[in-house]
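Work through the exercises below with the sequence and the model at hand. Each task is followed by a stepwise solution.

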Amino acid sequence: PGCLLYTRTGAAPHLTHDTLREVRGVPGVAQLALPALAEIHDVLEEYKEGAAKFMGMPDAVLYCSLHDPVTPCPSGYNTNKTVSLWGSSGRMEMTVSKFMDIQRAVQPDWFQCISDGDTISGEAGRKRAKKSVDRSLSFLDVCLQLQEKSPELQGSVMFGAIEGGDILEERLRSARETAKRPVGGFLLDGFQGSAMAKETKLKLIASVTAELPEDKPR
């Protein structure tokens, strides 16, 4: 197990880089949330040398997550072609091509693939859970193709998202199908927060991780 350094556009909240250097035990991996990066995408694209150098963290290991973990994501806005992100400017519709354009500008060490994780436990039924898996696998296949054609991302590792809400069969299908793809690791999405019962959460996590290769991080 390990921790990530939570940041907002590369800066730990309320701490300067100089102050952060004086803190013991700071995690070696810094998390960047895509919504904030999407808002400065044009600047990063023009800069051309990646987010780490742009933000004054050239030696940091950067992980780019799809959502900001401390920002609520309203439900009901994802489609077959887009995933909605929420930033300071409000809602942003993210297509696969736009998502990969941003990743090319950010040049993270590893990043979560775009996925449909809008399956709140107790509210999303089997049909919605199946749709989340189908959409996420479709997004993943296109992202892998685009990454292969992107020189800027040859040093980046993509993590596939395991979706499926609280439906065991869909979680297992998501895990098995994602594991067949050439991803560098896995993100178990939808277990954050308290919407899902603890017993259900533990059972699903145990079942899903049993399907994933042990030599890849999750």
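The model is predicted: local features need pLDDT of at least 70, side-chain atom pairs count only at pLDDT 80 or more, and totals for chains, interfaces and linings use all residues. Residues are numbered from 1 along each chain as its sequence is written, and side-chain values use heavy atoms, with hydrogens and water left out.

**Exercise 1.** Determine how strand β2 is placed and which strands pair with β2.

Solution.
1. β2, a strand (E, at least two residues, in DSSP), covers residues 29-33.
2. Five of its five residues are buried (under 20% relative accessible area, 1.4 Å probe, protein chains only), so β2 is largely enclosed by the rest of the structure.
3. Val29, Gln31 and Ala33 point one way, Ala30 and Leu32 the other.
4. Pairing requires at least two DSSP bridges between two strands. β1 (residues 5-6) pairs with β2 in the parallel sense over two bridges, and Tyr6 has Gln31 as bridge partner.
5. β3 (residues 61-65) pairs with β2, also in the parallel sense, over five bridges; Cys64 in β3 is the bridge partner of Leu32.

**Exercise 2.** Describe the interface of domain 1 and domain 2.

Solution.
1. The domain assignment, automatic or from a database, gives domain 1 (1-112) and domain 2 (122-217).
2. About 1500 Å² is buried between them, as accessible area (1.4 Å probe) lost on being put together, summed over both.
3. Val96, Arg104 and Phe111 supply 34% of the area that domain 1 buries against domain 2, more than any other three residues.

Methods. Buried means under 20% relative accessible area, exposed over 50%, partly exposed in between (1.4 Å probe, protein chains only). Helices (H or I, at least four residues) and strands (E, at least two) are DSSP runs, numbered from the N terminus. Buried area is the accessible area (1.4 Å probe) that two parts lose on being put together, summed over both.
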